[in-house]
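Here is a short report on a protein model with several chains. Look at the sequence and the 3D view first, then read on.

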Amino acid sequence: MRTAERGVQSPTLVRVEDLKVHFPVRRSAFGRKSGVVRAVDGVSFQLSAGDVLGLAGESGSGKTTVARAMLRIIDPTGGRVLMDSMDISKLGRAELKRFRRRMQMVYQDPYDSLNPRLKIGTTLEEALMVRGVRPSERTNGVRLLLERVGLSGAYALRYPHELSGGQRQRVSIARALGVEPSVIVCDEAVSSLDVSVRAQILNLLRDLQETERLSLLFISHDLSTLRFIADRVAIMYLGQVVEIGGREDIFDRPLHPYTLALLAAVPEPVPRSQRRPVTRLTGEVPSALQPPPGCRFHPRCPIAQDICREVVPELRRKAAGHLAACHLAPDAPAIGVP
Amino acid sequence: MMAYLLRRLGWMFVILFGVATVTFFVAYMVPGDPARMIAGPGASAATIDSIRHQLGLDQPIARQYLDYMGRLASGNLGISFLHRVPVLTAIFQRLGTTALIALGGVFWELAIGIPVGIAAAWKPKSILDRAGTAFALLGLSAPPFWLGLLLLYYLAFQHSIFPLGGVGHPLLWYLILPTFTLGIGGAAWYTRMLRSSMLEILRSPYMQMARAKGMPSRILLFRHAMPNAVIPLITMAGMDLGYFLGGVLIIEVVFGIPGVGQQAWQAVQVLDIPMIMGTVLIAAVFIVLMNVIVDMSYAMFDPRIRYR
Amino acid sequence: MLSSGPELSDRSAVAPVSGTRGEPPVMLSRWSLLYRSLLHDPPAFAGAVVVLALLIVAVFGPLLAPHSPYTGFGNGLSKIGAPLPPGGRFPLGTDPNGRDVLSRLIFGARISLTIGVAANGLATLIGLLVGLLAAYIGGWVDTILMRLTDVVMAFPILLFAIALIAVTGPSETNVILVIAFLYWTYVARVIHGMVLSLKEREFVTATRTLGISGRRIMFRHILPHLVPALIVYFTLGVASTILIEASLSYIGIGVPVPIPSWGQMIAQGQDYYQIAPWLFIFPGIALVATVLAFNLVGDWLRDVLDPTTPQRR
């Protein structure tokens with residue numbers, strides 16, 4: 001049974017506060033910096049122990065950048081990432097190494113995330129190395145890791161090119177598990193896989209998450225995947241979180257127009273007669289160099305009002321555990337269960 | 001664009017500075033006593049000491065270094081032990097001849113390299129291609145000095161078509177064999193480069209499309225493939241020019257040409273350090289300058305480079 | 001042709017080769033594939049044969065040479081003291097000191113190969129370290145190392161080598177060291193470029209995120225990807241270093257006189273070209289054959305191992 005469903009309050013493992021990642025742009029050799037790409041512009045959320053948080057959005061929304069900033073693959077420009085009340089974004093090299101054992105990542109490309117010239121076993125041994133496992137015990141440890149992700153120990157002697165995409169992702173998951181993290185970030189981990197394989201890997205992740213009490217941050221542009229695996233979902237648009245809530249909140253009672261549009265794009269096996277009218281989203285995600293004023297979504301929003309063009313909406317509580325950044329969604333009453 | 005230019009020039013000075021420093025330390029490392037060498041065999045200790053003092057050789061190394069850099073800044077490369085004239089003057093006197101050889105070498109590189117390269121790419125695997133490739137491989141593998149000797153032997157000695165080295169009237173006639181020998185190596189390189197880059201271009205999708213639409217091969221080759229492939233070659237030739245200007249020592253020795261290289265060679269025989277290191281320094285300066293010029297002309301043609 | 005499909009250097013690479021007329025496909029190991037590709041490329045095959053022959057000559061030279069290269073034979077000169085033409089007791093003739101040319105050529109092969117391989121090996125090692133460290137560590141380490149590379153590259157190789165050897169004294173060791181200290185820059189540049197792009201690969205990011213040390217990543221992860229290119233450059237580099245050594249010996253600033261070096265033999269033969277042209281022709285042929293062989297093998301290795309290896313200047 002899922003932690004969230006049990007209704008038990010679990011401790012917050014990771015808290016992201018107002019995270020900002022800006023990239024300077026050198027337009028011409030004349031000026032040094034002629035613009036800033038605000039890939040992530042003030043993102044906040046929490047990840048509780050045993051929870052699966054989905055992070056959704058189109059390409060360019062900044063979701064991958066959030067993941068990389070959390071793991072310090074790139075350095076944040078502002079904001080904080082707190083884990084064990086330590087600010088990850090400010091850690092020095094030695095502490096960073098220790099932190100790495102707490103949070104790991106499974107990457108999108110199964111073909112490039114494993115070194116093609118190393119045997120699977122060698123790749124996995126490195127995870128064990130980080131954990132401090134003695135050399136004599138590593139072979140056994142590798143076998144155990146492989147079995148945990150549903151592969152036989154014989155795979156340790158194979159090379160990545162001998163494995164299918166799904167198998168490689170299992171290896172990547174094994175690698176992440178090897179250091180015994182509390183949090184695993186899955187960055188579009190199943191997006192490159194065939195749909196049938198996708199289901200297998202998602203099931204594996206869910207099982208692992210339950211048995212090992214892992215917390216997952218699951219990044220995907222595909223909402224149907226998130227419906228399957230996530231307890232809570234955050235929707236990102238152009239570097240900001242526009243809506244965040246529990247699974248039922250997002251999928252059954254979406255508030256933000258962007259969420260509605262994303263959901264409309266999800267194919268559903270519904271007979272034609274019962275289909276809801278679809279709000280089609282026009283246009284493309286604008287450039288993060290010069291985001292629109294006010295609500296960033298307003299140029300594409302079918303119900304935009306004047307206030308949307310002028311005032312930036314904040315992420316406010318609209319219902320229990322359900323926040324949205326839209327002027328047109330009524331706020332929740334002050335009293336109530338969070 | 002300006003910022004790129006300034007940055008590039010800045011680095012150029014850094015490199016030149018490094019070159020001068022390295023040159024200084026090599027000259028400093030020389031075993032033997034320069035003062036004694038200048039003074040000559042029979043000089044007294046007092047003379048040697050006074051010469052040493054004049055040359056500033058009794059100063060600590062840091063001081064010598066600063067003096068050296070100062071002298072360089074004013075264009076003073078020292079006095080040749082052998083000839084007792086300023087090194088810079090001696091080099092510049094001979095630079096004309098060497099420059100002619102350098103230019104001739106680049107000329108042959110392109111004059112042979114480009115046609116053969118194009119011919120080879122024209123019909124891959126044909127007789128023409130195989131001959132061109134064979135020529136290129138041989139040109140790359142043959143030692144230039146040996147090639148020169150061979151040419152002299154057959155074309156000047158056995159059959160007196162060309163003069164047996166040296167210089168005379170008409171000057172260009174005397175320079176044909178040396179420049180040809182110099183250029184063959186580069187020609188071989190360019191043949192191969194041109195062949196492979198043209199083949200790559202010809203295989204690209206837009207070329208195949210043009211051919212499918214019926215564009216005649218000749219136009220494809222000359223109007224479309226060639227210009228793209230040749231431009232890098234021209235710039236490489238520019239860099240070769242800088243390299244050659246450094247004194248094509250081997251060629252000048254083989255053919256007996258009184259240029260900068262031959263002078264440097266004579267200096268090596270007697271360990272005339274100022275002349276040796278002065279020539280090395282001038283050569284390096286030419287190379288660096290040509291590199292910068294080539295880079296900047298690249299930047300002018302290819303806007304992407306400027307954004308680095 | 002072999003670059004499609006699994007990379008050749010993967011240890012478990014096997015390729016089915018279908019037999020003719022319904023025979024079951026034959027599984028070939030990596031080495032058989034290499035050998036077959038060599039057979040399909042006649043020039044490369046010839047080159048490989050020559051390289052092998054040279055290695056044998058270099059190792060077993062003293063046993064193969066008919067005479068000692070240092071002994072000036074009394075009957076090695078004609079009645080008027082001129083070198084003998086090829087034939088009879090001295091298959092390739094004698095030199096002005098009455099020494100057997102063939103023997104000197106054989107010993108010269110040892111010298112050229114030893115110096116070429118040693119100098120190139122050292123240069124490749126230095127270049128690899130510089131390029132790898134500069135590109136991976138980045139920052140000011142990268143700037144300093146690459147500017148150093150630029151400074152060294154600014155010097156014309158031959159001229160500077162001549163100056164350095166003149167200053168330090170001609171000897172086999174000095175020749176090797178000088179050539180190595182000037183030649184490494186080419187390797188460094190190429191390796192630097194390759195490592196820069198390798199650094200961006202996802203498995204490097206993943207391994208770094210795991211917490212693995214940079215040193216291990218450089219040598220256990222990145223270096224194996226550099227090996228094919230290194231092999232190619234090493235082979236081609238031997239061709240270049242042999243040429244450089246020959247030029248130095250020709251000029252007289254290479255290995256000291258009694259030791260036979262092909263370049264030096266050419267210089268010596270040059271004075272007698274009118275009466276004994278074979279003296280300068282044979283060593284030259286030996287040089288061309290050697291350098292050509294290494295070039296051919298190097299080209300073939302590039303086609304087989306990694307066609308994407310950038311061309312080096």
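B:Pro170 sits in the loop between α7 and α8 (171–203) of chain B. The model is predicted. In it, the peptide bond that runs from B:His169 to B:Pro170 is cis. Its omega is near -15°.

**Two residues with positive phi**

A:Glu188 is not a glycine, yet its phi is positive, about 50°. A:Arg213 is not a glycine either, and its phi is also positive, about 50°. Where do they lie? A:Glu188 belongs to the loop between β7 and α7 (195–212) of chain A. A:Arg213 is in the loop between α7 and β8 (215–220) of chain A.

Is A:Glu188 buried or exposed? A:Glu188 has 20 C-beta neighbours inside 10 Å, so it counts as buried. A:Arg213 has 12 C-beta neighbours inside 10 Å, so it counts as exposed.

**The sheet of chain A**

Chain A contains eleven helices and twelve strands. Eight strands build an open sheet. What is their order? It reads β6-β7-β8-β3-β9-β10-β12-β11 (chain A), and the pairing is mixed.

Now look at the edges. β6 (103–106) and β11 (316–319) of chain A stand there. Each has a single partner strand, so one side of each has no neighbour in the sheet. On average, neighbouring strands are turned by 25° against each other, direction ignored.

The partner of β6(A) is β7 (residues 183–187) of chain A. These two strands pair in the parallel sense over four bridges. Within this part of the sheet, A:Gln104 stands opposite A:Ile184 in β7(A).

A helix also packs on the sheet. It is α10 (residues 257–264) of chain A. Which strands does α10(A) touch? They are β3 (52–56), β9 (232–237) and β10 (240–246) of chain A. The direction of α10(A) makes about 105° with that of β9(A).

**Chains A and C by the numbers**

Chain C has ten helices and two strands.

| Chain | Residues | Buried | Contacts joining residues at least 24 apart |
|---|---|---|---|
| Chain A | 338 residues | 44% | 63% |
| Chain C | 313 residues | 47% | 68% |

**Where chain C meets chain A**

How many residues of chain C are in contact with chain A? There are 16, and they touch 22 residues of chain A. Two elements of chain C give two or more residues to this side: α7 (202–210) and α8 (214–251). α7(C) gives the most, with seven residues. By class, this side of chain C has six nonpolar, seven polar and three charged residues.

**Where chain B meets chain C**

This contact takes 38 residues from chain B and 33 residues from chain C. Several helices of chain B each supply at least two residues to the side that touches chain C. They are α1 (2–28), α6 (127–141), α7 (144–158), α11 (249–255), α12 (260–269) and α13 (273–301). Which one gives the largest share? It is α13(B), with eight residues. What classes of residue make up this side of chain B? It has 33 nonpolar residues, five polar and no charged.

**The largest nonpolar core**

The largest nonpolar core has 267 residues. The residues with the most contacts inside it are C:Ala161, C:Ile162 and C:Ala163. Which element gives the most to this core? It is α8(C), with 18 residues.

Take C:Ala163 as an example. Leaving out residues up to four places away in sequence, C:Ala163 touches B:Val26, B:Ile276, B:Met277 and B:Val280.

Methods: Residues are numbered from 1 along each chain as its sequence is written. Chains are lettered from A and ligands numbered from 1 in the order in which they are written. This is a predicted model: local features need pLDDT of at least 70, side-chain atom pairs count only at pLDDT 80 or more; totals for chains, interfaces and linings use all residues. Two residues are in contact if their C-beta atoms, placed from the backbone, lie within 7 Å. Ala, Val, Leu, Ile, Met, Phe, Trp, Tyr, Cys and Pro count as nonpolar, Asp, Glu, Lys and Arg as charged, and the others, Gly among them, as polar. A nonpolar core is a set of buried Ala, Val, Leu, Ile, Met, Phe, Trp, Tyr and Cys residues joined through C-beta atoms within 7 Å. Two strands pair if DSSP finds at least two bridges between them. Axes are lines fitted to C-alpha atoms, for helices over the stretch in contact, and angles run from 0 to 180 degrees between N-to-C directions.
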